[in-house]
Structure formats: structure tokens, C-alpha cells
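Subject: Structure handover

Hello,

Below is the structure I said I would pass on. My notes on it follow.

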Number of protein chains: 2
Amino acid sequence: MTGPENVKLIIFDCFGTVVDWRGSIIEDLSKWGEQKGLSIDWALLADLWRGSYEPQMGRVRSGEIPWTNLDDLHFESLQAVLSELHAPELGQLDLMYINRVWHRLNPWPDAVEGLERLKRKFVIGPLSNANVSLLVNMAKFANLPWDHAFSCELYQHYKPDPETYLGVCRMMYLDPEEVMLCASHNYDLVAARECGLRTAFIPRSTEYGPGQKTDLTAEQEWDVIASDLIEFATEMSA
Amino acid sequence: MTGPENVKLIIFDCFGTVVDWRGSIIEDLSKWGEQKGLSIDWALLADLWRGSYEPQMGRVRSGEIPWTNLDDLHFESLQAVLSELHAPELGQLDLMYINRVWHRLNPWPDAVEGLERLKRKFVIGPLSNANVSLLVNMAKFANLPWDHAFSCELYQHYKPDPETYLGVCRMMYLDPEEVMLCASHNYDLVAARECGLRTAFIPRSTEYGPGQKTDLTAEQEWDVIASDLIEFATEMSA
């Protein structure tokens with residue numbers, strides 16, 4: 001099996017597909033919390049925080065609130081989650097440190113090697129709901145060799161709105177079939193395919209922790225299905 | 001002399017500062033024109049074409065026409081220049097090939113090494129009037145290791161409008177004094193300094209050819225003045 005022809009640009013979902021957000025948050029904040037003497041269940045915090053991700057973006061997508069960058073949505077929901085966990089009162093600097101953990105996420109072990117190979121043959125970049133600064137800082141932290149950060153901030157729409165996938169095509173003057181989305185979430189690929197993009201699925205079966213039940217397998221015949229980003233690079237002859 | 005403290009992001013003018021647009025256009029199109037059997041004075045074409053750059057952007061900056069990407073402004077002025085030169089009638093594919101020469105520009109000999117050193121310590125990116133696709137394609141062609149392309153397209157304003165310099169600061173959540181513009185054109189640095197950015201000047205005394213009379217020296221005491229991007233990296237301790 002080889003990837004589809006004519007692909008010039010590969011865009012990647014980030015949280016889950018490229019970086020291990022849950023493991024990174026738990027590791028980073030456990031270490032920091034210990035130094036601070038804070039007893040917070042960081043795994044539970046990570047899960048509740050991420051649980052507010054879809055509803056928070058939904059408020060923007062439905063028009064309930066105007067465009068708001070993910071950093072700001074995160075900050076708002078962080079405070080609600082800390083309150084739900086009956087966490088001790090934290091100062092603004094501490095809240096900002098916690099909120100910026102999304103800029104300090106580690107890549108999955110295969111990610112950097114896979115992306116470096118793909119970069120030699122294709123233009124590569126994230127297409128992520130994260131704002132530009134988050135994506136650029138994350139790339140510096142995790143050594144992700146992006147050519148450009150196609151943040152949803154640039155289109156003022158969150159995925160899976162078609163404005164995001166088609167915004168990338170328009171910005172790069174490419175036809176949808178010259179652009180491929182690589183993601184570990186089927187819903188993202190469904191939306192990209194509806195816009196005419198090529199699709200690649202990579203399972204990340206522990207993204208949500210050991211009991212994950214969603215996105216364990218490809219739910220459609222995506223153009224490429226690979227076990228990780230290194231195998232994906234091989235499938236794309238990169 | 002060392003560079004100012006607290007700089008986190010360095011943005012670069014591209015045409016002239018990082019890439020040799022005039023030499024590259026003449027070299028690329030002379031070779032192509034010879035194969036095509038076209039007798040056009042490519043040096044004169046490059047000069048006339050670049051001469052229409054400021055007036056074309058001026059139409060956008062003044063509000064005479066709505067936002068228009070540089071590729072489209074180039075295409076329009078290319079046709080006027082070819083007509084002025086009494087060039088033979090060219091088909092659309094040929095016109096597109098010529099217009100895309102701006103995506104195929106060579107870096108100055110010091111550029112890649114200087115940028116690679118700076119990238120280890122700072123976030124780096126172009127702040128250019130060129131559209132995103134042009135900047136991304138140029139970076140692939142010339143091996144420019146940008147972290148992100150801060151195209152003026154993202155702000156829908158051309159330099160030296162303050163919306164461009166401040167748009168970068170806002171997008172990256174940085175204070176103006178944490179951002180430095182490096183350019184070979186004094187007017188660009190004047191505008192950046194007025195917005196509170198740090199400034200670095202690199203002379204490119206043959207950008208406009210052997211008879212260049214402008215921007216041969218720094219016209220103000222910029223924060224850093226260096227002979228090329230390698231010396232600039234050294235000044236910034238990178």
C-alpha cells in the first residue's frame with residue numbers, strides 16, 4: 001500500500017495525534033505540585049479539563065460567544081475544574097503556569113522521527129484548535145519540525161467546521177485533494193473527507209488513559225491507516 | 001556589543017534581507033527564457049517589476065482596493081511590465097511560471113547558517129509582505145528554518161502599517177520589547193521601533209544591483225547593527 005498521489009501538504013491534528021497531552025500534563029503538574037506542596041489529583045484534573053474542551057469550543061462554534069483562543073477557553077475551564085475538585089485557592093501566576101502546560105506537551109515516541117521524514121517530501125504543519133502561540137511554543141518544546149502552524153485561530157473557526165480544512169487549502173492555493181489530514185480521531189477525518197481532503201488515521205489507544213474506548217480503530221476506509229507516524233512516513237514513501 | 005535582553009521572537013524582512021530576489025529572478029528567468037527562446041531583458045524586468053511593488057501595496061494600504069495577496073499584486077504588475085517591455089505574448093502557464101519566481105528565491109550566502117544558529121535560542125519567522133504560501137514555498141526552496149510564517153496576509157495589512165508588527169506581538173502574546181525585527185531597510189525598522197519593537201539592521205548593498213544608493217548604512221542607532229546574519233547571530237549570543 002502506498003499513499004495517494006498528488007499530496008503536497010500534510011496537516012496534523014496535534015492533541016492526541018502528535019503529542020501525549022494526558023501523560024504530559026500529569027507528569028508536568030505532579031512534579032510542580034509536589035514542589036508547591038499541593039495535593040491535587042492531577043490525572044482527574046487532566047480528564048475533567050479535557051472533558052470541558054468540546055463544550056467550550058461548542059460555545060464558539062454555535063455563536064454563543066465570539067471567537068476566543070483556546071488558551072483563554074482553557075483558562076476559564078481550568079478555574080471551574082479546580083473549583084469542582086475543591087483545590088486550594090491559587091494565585092494568578094500559579095493558574096497561568098498550569099494553563100501553559102498545554103504549551104509543554106511531549107511528543108509520542110514516534111512523532112519527531114516520522115515528521116522529520118515526512119518534511120523532506122511534503123509541506124507539513126499542524127491543523128489544530130490550539131492558537132498560534134501555543135502551537136509555536138509546543139513545537140519548540142517538543143522539537144516538532146513544522147513548516148508552518150495552520151492554527152484554527154487563522155480561520156476563526158474550530159474544527160470540525162469546514163472553514164478550517166478549506167481555509168488551509170485556500171491559504172496555500174491547493175486543491176483539497178492535494179492536502180491530507182492525519183489524525184487519531186475519526187470525527188476529524190470525517191469532516192476533512194467531506195471537504196475533499198485526503199485522510200490518514202493513526203490510532204492512539206492510550207490518549208485518554210488505560211480505559212480508552214473511542215477511536216481505537218479506523219471507522220472508515222481512510223486513504224492511509226498506519227500504526228504510528230513512522231509507519232505513516234513509510235506508507236507515504238517519505 | 002550584545003543584543004538587548006528579553007527578546008524571545010525575532011522576525012525578519014525577507015525580500016532583500018534574507019533572500020536575493022534580484023539575482024535569483026535574473027538567474028531563474030534567464031535560464032528558462034533561453035530554453036523558451038524568449039529574448040527579454042530579465043534584469044530590467046526584475047527592476048521594473050520590483051518598482052511596482054510599493055505603488056501596488058500602496059493601493060491596498062490607502063484603501064483604494066481591498067486586501068489582495070502579494071502573488072495577485074505581482075501577477076497584475078507583471079502583465080503591465082511585460083507590456084511596457086514589448087515582450088512577446090505569453091500564455092497563462094508561462095505567466096504563472098514567471099510569477100512564481102518569487103517562490104524560488106535563493107538565500108544570501110550567510111542566511112541559512114545565521115538563521116539556524118538563531119533558531120536554537122529564539123523563535124524565528126519572516127514578517128513579510130508576501131502571502132503565507134509564498135513564504136512557505138520559499139522556505140522549502142531555500143531551506144529557511146522558520147518556526148512560523150508571520151505573513152502580512154494574517155493581519156490583512158502591508159508593512160509598514162503598525163497592524164503588522166503589533167499583530168505579531170498580539171498573536172504570540174508578547175510585549176513589543178520581546179520582539180525584534182531584523183531588516184535591511186531603514187523604513188521598516190523605523191516603523192517597528194515606533195511600535196516598541198527591538199531593531200536590527202543588516203546592510204544588503206547589492207540588493208538592487210551594483211548601483212544601489214539606498215539603505216547602504218544604518219540611518220539610526222538600531223539596537224543591533226551587523227554585517228550579515230552570521231554576525232547578527234553572534235551579536236545575539238546565538
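This is a predicted model. Chain A has a mean pLDDT of 97, and 99% of its residues reach 70 or more. For the complex, the predictor gives an ipTM of 0.94 and a pTM of 0.96.

The sheets

In chain A, 6 strands make an open sheet with parallel pairing, in the order E3-E2-E1-E4-E5-E6. Strand E3 (150-151) and strand E6 (224-225) of chain A are its edge strands, and each pairs on one side only. Strand E1 (residues 9-12) of chain A runs parallel to strand E2 (residues 123-128) of chain A, and 4 bridges join them. Within E2(A), Pro126(A) is the residue opposite Phe12(A).

Chain B also has an open sheet of 6 strands, ordered E3-E2-E1-E4-E5-E6 and paired in parallel. At its edges stand strand E3 (150-151) and strand E6 (224-225) of chain B; each has a single partner strand, so one side of each is left without a neighbour in the sheet.

Strand E1 (residues 9-12) of chain B can be followed in more detail. Which way do its side chains point? Leu9(B) and Ile11(B) point one way, Ile10(B) and Phe12(B) point the other way, and all are buried. In general, side chains in a regular strand alternate between the two faces of the sheet. E1(B) is joined by 4 bridges to strand E2 (residues 123-128) of chain B, in parallel, and there Ile10(B) stands opposite Ile124(B). E1(B) also pairs in the parallel sense with strand E4 (residues 179-183) of chain B, again over 4 bridges. In that pairing, Leu9(B) is opposite Val179(B) of E4(B). Further along the sheet, 2 bridges join E2(B) to E3(B), which run parallel, and Leu127(B) has Phe150(B) as its bridge partner in E3(B).

The core

The largest nonpolar core holds 150 residues, and those that touch the most other members are Ile10(A), Leu181(A), Ile10(B) and Leu181(B). Leaving out residues up to four places away in sequence, the contacts of Leu181(A) include Ile11(A), Leu127(A), Tyr165(A) and Leu197(A).

Where the chains meet

How many residues of each chain are in contact with the other? 13 residues of chain A are in contact with 13 residues of chain B. Helix H7 (residues 132-142) of chain A supplies the largest share of the chain A side, 5 residues. That side of chain A divides into 9 nonpolar, 2 polar and 2 charged residues.

One residue to look at is Val132(A), which is in helix H7 of chain A. Is Val132(A) buried or exposed? Val132(A) is buried, because 24 other C-beta atoms lie within 10 Å and 20 or more is the cut-off. Not counting residues up to four places away in sequence, Val132(A) touches Ala149(A), Ser151(A) and Glu153(A) in its own chain, and His148(B) and Met171(B) in chain B. Val132(A) is 22 residues from Leu154(A) in sequence, and their C-alpha atoms are 8.0 Å apart.

Local backbone points

The peptide bond from Lys159(A) to Pro160(A) is cis, with omega near 10°. Pro160(A) is in the loop between E3 and helix H8 (162-171) of chain A. In chain B, a cis peptide bond joins Lys159(B) and Pro160(B), with omega about 5°; Pro160(B) lies in the loop between E3 and helix H8 (162-172) of chain B.

Two residues of chain B other than glycine have positive phi: Tyr173(B), near 55°, and Asp215(B), near 55°. Tyr173(B) lies in the loop between H8 and E4 of chain B and counts as partly exposed, with 14 C-beta neighbours inside 10 Å. Asp215(B) is in the loop between strand E5 (198-201) and E6 of chain B, and is buried, with 22 other C-beta atoms within 10 Å.

Regards

Conventions
Residues are numbered from 1 along each chain as its sequence is written. Chains are lettered from A and ligands numbered from 1 in the order in which they are written. This is a predicted model: local features need pLDDT of at least 70, side-chain atom pairs count only at pLDDT 80 or more; totals for chains, interfaces and linings use all residues. A nonpolar core is a set of buried Ala, Val, Leu, Ile, Met, Phe, Trp, Tyr and Cys residues joined through C-beta atoms within 7 Å. A residue is buried if 20 or more other C-beta atoms lie within 10 Å of its own, exposed if 12 or fewer, and partly exposed in between; C-beta atoms are placed from the backbone. Two residues are in contact if their C-beta atoms, placed from the backbone, lie within 7 Å. Ala, Val, Leu, Ile, Met, Phe, Trp, Tyr, Cys and Pro count as nonpolar, Asp, Glu, Lys and Arg as charged, and the others, Gly among them, as polar. Two strands pair if DSSP finds at least two bridges between them. pLDDT is the predictor's confidence in each residue, from 0 to 100.
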